[in-house]
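Welcome! Let's go through this model together and ask what lies behind each label.

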Amino acid sequence: MPVVTAVGGFAVSYLAFMSSAWNARKKEAQNFGAVLSELEYIKAGIDELKEQNRSEAAELAHVSERLTRVEESAKHAHKRIDGHDVSFRRTRDGGAVS
């Protein structure tokens, strides 16, 4: 009878150990799944930021191009205004340019 009790005690201890190990592995797998889920969420956020960055860069290039055109237009306008100013002075002063 002591042998049966010892074997029974050993079996119960072994089953308890295996159950504990199984629960630990299950918990570890759940944690791993949660970490993977969070990593996917972070990756999606990074991808979204990259797309926004590309969009902002394209918009900046467009605005830069428009600014260059406006600067060129202003430069030409100043030249025209200067020309009008000279001809106005000539007209006002009777042909003499000061």
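Q: Why is Ile42 called partly exposed?

A: Buried means under 20% relative accessible area, exposed means over 50%, and partly exposed is in between (1.4 Å probe, protein chains only). Ile42 has 46% relative accessibility, so Ile42 counts as partly exposed. A word on the basis: this is a predicted model, where local features need pLDDT of at least 70 and side-chain atom pairs count only at pLDDT 80 or more, while totals for chains, interfaces and linings use all residues. Residues are numbered from 1 along each chain as its sequence is written, and side-chain values use heavy atoms, with hydrogens and water left out.

Q: Where in the chain's secondary structure is Ile42 found?

A: Ile42 belongs to helix H1, which covers residues 2–93. The protein chain has 1 helix and 0 strands. Helices (H or I, at least four residues) and strands (E, at least two) are DSSP runs, numbered from the N terminus.

Q: What makes up the nonpolar patch on the surface?

A: Phe32, Val35, Leu36, Leu39, Tyr41, Ile42 and Ile46 form the patch, and together they have about 720 Å² of accessible area. Patches are made of residues with over 30% relative accessible area and no salt bridge; like charges are joined within 9 Å, and nonpolar side chains (Val, Leu, Ile, Met, Phe, Trp, Tyr) within 5 Å. Accessible areas come from the Shrake-Rupley method with a 1.4 Å probe, and for residues only the protein chains shown count as cover.

Q: How does the radius of gyration of the protein chain set it against a compact globule?

A: The radius of gyration is taken over C-alpha atoms, and the globule rule is 2.2 Å times the number of residues to the power 0.38. For 98 residues, a compact globule would be near 13 Å, but the protein chain has 41 Å. The C-alpha trace spans about 135 × 15 × 10 Å along its principal axes. Of the 98 residues, 1% count as buried.

Q: What makes the contact of Asp47 with Lys43 a salt bridge?

A: A salt bridge is a side-chain nitrogen of Lys or Arg within 4 Å of a carboxyl oxygen of Asp or Glu. The N to O distance here is 3.1 Å, so the pair meets the definition. Both residues lie in helix H1, 4 residues apart, about one turn of the helix.

Q: Why is Lys43 called exposed, and why is Asp47 called partly exposed?

A: Lys43 has a relative accessible area of 51%, so Lys43 is exposed. Asp47 has 35% relative accessibility, and therefore counts as partly exposed.

Q: How many salt bridges does a search of the whole structure find?

A: The search finds 3. One of them joins Glu51 and Arg54, with the closest N and O atoms 3.2 Å apart. Glu51 and Arg54 are separated by about one helical turn, because they are 3 residues apart in helix H1. Another links Arg69 with Glu65, where the closest N and O atoms are 2.4 Å apart. Arg69 and Glu65 also lie in helix H1, 4 residues apart.

Q: Is His62 buried, partly exposed or exposed, and why?

A: The relative accessible area of His62 is 41%, so His62 is partly exposed. His62 lies in helix H1. Its C-alpha atom is separated by 24 Å from that of His78, 16 residues apart along the chain.
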